[in-house]
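Here is a friendly note to keep beside you as you look around. Take the points in order, and have the viewer open while you read.

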Amino acid sequence: MKQNRRIKRVSIAKPIKKISKPNDYDSATGVCQRSKSAATKPETHSVPSLDEIKIMPREFFQMDALDLAPRLLGKLLRRDDVVLQITEVEAYRPNDSACHARFGITPRTAPVFGQGGHAYVYLCYGLHTMLNVVADKQGVGAAVLIRSCAPVTGLKTIQQRRCQITEKPVLLTGPGKVGQALGISTDWSNHSLYTPGGLELLDGPEPDKILIGPRVGIEYALPEHVNALWRFAIGGTPWISAPKNTLRPL
């Protein structure tokens, strides 16, 4: 993987000081029930005007997951009024003992063998909705897990879906939190991310610094895959999940 790419600076959102306690979650609507008076003025990640940003083309995704992963940093995920900037990812490749492709093609894993540029969404422990971006050509079986994001627009909707009234990084630092903030389910698996409408991947500023480290929660995998530095994050941002002490500059 090339490491000498020309990169631009990403503007990092400033965390605010106050946090409110979560309210009751309404499973019927998928949001928290809270008073409008409790809302705070959103502070969001700074990116160029969304009207000027293009959807990434299908060709962008046609590469090894290990090459696609760092290229996804700084890109934007958009669904309805919510736009998130990707700040942390993990690559999962063919013949990777931590990749779902190791199970072969099943009703659950079929999307990960699809064409690059589609979503692969699955439930972790039957609870957390995990969004992956399928990489490479059809039949390869590779994807990039979106581990963390930063809010760009739609903070109120994000807070309602997350049932957590805060603007601190805890809102979006973790793959299950990202899926919940976007309001997606496994029904979104195999959805095209390069087609306008629904869930889209938009272009965004490339990070000034990139961190790398081993992936999280894959102790069941072979040692060479447990230790592989296939986790990537934007350096200098607080919008990264734990553990942070295993990350180092690329």
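1. Which residues of the largest nonpolar core touch the most other members? They are Leu72 and Ile146, in a core of 46 residues. A nonpolar core here is a set of buried Ala, Val, Leu, Ile, Met, Phe, Trp, Tyr and Cys residues joined through side-chain atoms within 4.5 Å. Buried means under 20% relative accessible area, exposed means over 50%, and partly exposed is in between (1.4 Å probe, protein chains only). Ile146 touches Leu72, Leu77, Ile86, Glu88, Val89, Leu131, Val133, Pro175 and Val178, leaving out residues up to four places away in sequence; contact means heavy atoms within 4.5 Å. A second, separate core has 15 residues, among them Phe113, Met130, Val134 and Ala221. As background, nonpolar side chains in soluble globular proteins tend to be buried together.

2. A word on the model. This is a predicted model, in which local features need pLDDT of at least 70 and side-chain atom pairs count only at pLDDT 80 or more, while totals for chains, interfaces and linings use all residues. Residues are numbered from 1 along each chain as its sequence is written, and side-chain values use heavy atoms, with hydrogens and water left out.

3. The overall picture. The chain has four helices and eleven strands; helices (H or I, at least four residues) and strands (E, at least two) are DSSP runs, numbered from the N terminus. Of its 250 residues, 52% count as buried. Among contacts with a separation of 6 or more, 69% come from residues 24 or more positions apart.

4. Please look next at helix α1 (residues 65-72). Six of its eight residues are buried, so α1 is largely enclosed by the rest of the structure. The buried ones are Ala65, Leu66, Leu68, Ala69, Pro70 and Leu72. Their cover includes β4, β6 (128-134), β7 (143-153), β8 (199-202), β9 (210-213) and β10 (231-234). At the N-terminal end, Asp64 caps α1, with a side-chain oxygen 2.7 Å from the backbone nitrogen of Leu66. After α1 comes Gly74, with a positive phi near 90°.

5. Helix α2 (residues 155-162) is also mostly covered, with six of its eight residues buried. Cys163 follows α2 and lies in the loop between α2 and α3 (175-182). Its phi is positive, about 55°, although Cys163 is not a glycine. Cys163 counts as buried, at 10% relative accessibility.

6. Strand β8 is covered on both faces: Leu199 and Leu201 are buried on one side, and Glu200 and Leu202 on the other. β8 runs antiparallel to β3 (residues 76-79), and four bridges join them; strands pair if DSSP finds at least two bridges between them. Arg79 stands opposite Leu199 in β8.

7. Now the aromatic rings. There are three aromatic pairs. Rings of Phe, Tyr and Trp (its six-membered ring) pair if their centres lie within 6.5 Å; planes under 30 degrees apart count as stacked, over 60 as edge-to-face and the rest as tilted. Phe60 and Phe61 form an edge-to-face pair, because their planes are at 80°, with the ring centres 5.1 Å apart. Phe60 is buried at 12% relative accessibility, and Phe61 is buried at 0%. The pair of Tyr120 and Tyr122 is tilted, with centres 5.4 Å apart and planes at 35°; both tyrosines are buried. Ring pairs also link Phe60, Phe61 and Tyr194 into a cluster.

8. His100 belongs with those tyrosines. Beyond its neighbours within four places in sequence, His100 is in contact with Arg108, Thr109, Tyr120 and Tyr122. His100 lies in the loop between β4 (82-92) and β5 (119-124) and is buried, with a relative accessible area of 13%.

9. The charged end of Arg93 is over the ring of Trp230, 5.1 Å from its centre, and that of Arg215 is over the ring of Tyr92, 4.6 Å from its centre. The term requires NZ of Lys or CZ of Arg within 6 Å of the ring centre and within 35 degrees of the ring normal.

10. Finally, some backbone details. Most residues other than glycine have a negative phi, and most peptide bonds are trans. Asn95, in the loop between β4 and β5, has a positive phi of about 60° and is exposed at 78% relative accessibility. The peptide bond from Ala242 to Pro243 is cis, with omega near -5°, and Pro243 lies in the loop between β10 and β11 (248-249).

Note on methods:
A polar contact is a pair of N or O atoms within 3.5 Å; within protein, one must be able to donate a hydrogen and the other to accept it, and residues adjacent in sequence count only if both atoms are side-chain atoms.
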